[in-house]
Amino acid sequence: MEHWLAPFQGMLAVAGSQAHVALRRSCELRLIGRAGSAAATDRIDMLIARHPGHGVSQVVLAGAGLSALAWARFRSQARRRGALPRFQLLQSRAFVAAATLCHAKSRQDAPDIAEAGNFVEDIVVADLEKGTHSGKVCTRFPPEPNGYLHIGHVKSICLNFGIAQKFGGDCNLRFDDTNPASEKQEFIDSIEEDVRWLGFAWAGSERYASDYFQQLYLWAEAFIERGWAYVDELSAEEISEYRGSLTRPGRDSPFRSRPAAESLEVFRKMRAREMPQGSAVLRAKIDMAHRNVIMRDPIMYRILMDSPHPRTGDEWPIYPSYDWAHGLSDAIEGVTHSACTLEFNMHNELYDWFNEKVLSLPGALPLCQPPASALPRQYEFARLEMTNIVVSKRKLKRLVEGGYVEGWDDPRMPTISGMRRRGYPPAALRKLCQLIGVTKVPTSVIEYSLLENCVRDALQEEVTSKLLCVLRPLRVTITNWPEDVEDETIEVPAEVEGALSRQMHFGRDLLLEAEDFQEDPEPGFKRLSPGGQVKLRYGYVITCDEVVKGPDGQVRELLCSYDPESLGKRPPKRVGVVHWAHARLSTPVVVRFYDTLFSEPRPEEKGDYLEALNPASLEVLESARCEPSVLDFCKKHQDAASAGIFKAQFERCGFFALDGKASQATSGLVFNRIVAQRNDFAAPKTPDTRRKGKGKTKG
């Protein structure tokens, strides 16, 4: 063992772990075991700092017991020191938690090492070293335009476009538009917008599988002529029955042995609209007893005349299957590295069979010479699995069509358009994909909180506008402010250069956050209570003298007095600072609070995933009041023609985004809470030793 590894081994032993230390690829230190306490992370932090010259570019800590609080402490310390600019926290079925800590090493220190946790990049590196594709790197992102993209697609987008960017290649955007029954121009437009919003640009113009319909048809005729395909006139049910199962081989269709000339004649009738829909299909002739069910004479063409195609209209009455078009489209475009999720693993063999057969045709694929070694190869990776969401367009479509959400862009939806409308920054989604890596392991389930942490981190860097907004107002009357005296304007200086200055109005009629008052305060409560004091942010210290209740016994109003000498001064010890608003001069806003769409971590594990819908996923606050500066901030953002959505931090409440769609519909300001502020260090509850307040209560 290298001498500098010994302290890590010793640290884990002290932590009570059964762990081992391994040096991987001469740049990665991997520690596996139960090493998750706050003390353990502190030790790791110190040890890495003490060994700056060991050449480690990343450290992987995997094991049980790494608490979110311990990880937050570790990350905070690392950031302050600047030694660990990149890191991640993963939670999965395999491990309670795992953390990847990237040491402060530049790419120049290890130029031949791909990013950690991305096996596809490792393959690209190896191919470049071997000259497999003559130094060329070409990837593609091939969505089907049958719905809106979701967070699972973000991983694929970042992988494919990221590889092209990293290795100086191209990434094509290609729509696999082979099923007109479910495809719309709306979906095509939304996909293009999503890719651009994430910060990527495709090579040249967007591409479509329909661009190659004529070529695919000609190749299909060549397959028939060579005995590699035949027209089958069995019904769909009969084809399924003849195919067999995983434990039972299939049977030959009675049409499998029909002469090639006859199949070609029928196929041309299909093309000429002389065959009714569902009466015949074109199938590849491979092996009905093949161990891979996908290889048992798969369908290449079917008749679809009921729905016009978004691009070709009624030009084609027959359409290629996804399997026939997908791999060949890659080959036509010269794609070198084709990546898709694991559910397509069984199709890989079929793609290769189609490509190799087509390649044997004279002059079929000039872009892919020399032949066998340079054909596109497909690599399957585990799709993004996350708690409290579903990542299936079919299931998301059911939510939309069933009215369970407002639409595809509902801020609770895991769609890219929904996350964009909610206010998620694209940098946060890219960061998430960087953190989770790319593997073949299908068991990892990412905690939703990791996404929220990425969003919060990105917003802290992006958002500069801060405002005060009272979400659930409680009326406050300042009794020692004369009724005939005008309200005072308090100037709030801009916190960053170039930002707008703000004005707060103080007077007799104010509003406080309802949760900032407790009539019977719990231990550690530092906000307002009868007889207690609080400092108004940017304003005065006020004292609660009386509590006014309604007929139902609920607190309706607080009668308070203010200290005229407290403006601009630090509050007394143990006096909390709270946000507030003027009752009349503040701006009314509607605020939407969002929780996870599903209350169950794994909704798809229930009989019907709709049973796991969270009834409290949306809370609408109609009576919120924001400081009047919000209007100036919104106008400045609009006048600047800024790309994206206006976002602000409502102090003590979280980050919020202006919902343009909802605001336009209501002719007011509607804000979506993007994410709450952290509250990792809440005061613990202790036995009841509090002192009672001195204020009076008025019934």
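## Leu-451 and its surroundings

In this predicted model, Leu-451 touches Ile-151, Met-386, Tyr-424, Leu-429 and Leu-432, when residues up to four places away in sequence are not counted. Leu-451 also belongs to the largest nonpolar core, a set of 45 residues, where Leu-451, Ile-151, Ile-157, Met-386 and Leu-432 are the members with the most contacts inside the core. Several elements each supply at least two residues of this core, among them α5, β7, α6, α14, α15, β29 and β30, while α16 gives the most, with seven residues. In soluble globular proteins, nonpolar side chains tend to be buried together.

| Nonpolar core | Size | Residues, including |
|---|---|---|
| Largest | 45 residues | Ile-157, Leu-432 |

Seven strands form an open sheet of mixed pairing, in the order β15-β28-β29-β30-β26-β27-β16. Because β15 (466-467) and β16 (469-470) stand at the edges with a single partner strand each, one side of each is left without a neighbour in the sheet. Helix α16 (residues 448-462) packs on this sheet, where the helix touches β28, β29 and β30 (670-675), and its direction makes about 115° with that of β30. Within the sheet, strand β28 (residues 647-650) and strand β29 (residues 654-658) run antiparallel and are joined by four bridges; Lys-647, for its part, has Ala-657 in β29 as its bridge partner.

Note on methods. Residues are numbered from 1 along each chain as its sequence is written. This is a predicted model: local features need pLDDT of at least 70, side-chain atom pairs count only at pLDDT 80 or more; totals for chains, interfaces and linings use all residues. Side-chain values use heavy atoms; hydrogens and water are left out. Two strands pair if DSSP finds at least two bridges between them. Contact means heavy atoms within 4.5 Å. Axes are lines fitted to C-alpha atoms, for helices over the stretch in contact, and angles run from 0 to 180 degrees between N-to-C directions. A nonpolar core is a set of buried Ala, Val, Leu, Ile, Met, Phe, Trp, Tyr and Cys residues joined through side-chain atoms within 4.5 Å. Buried means under 20% relative accessible area, exposed over 50%, partly exposed in between (1.4 Å probe, protein chains only).
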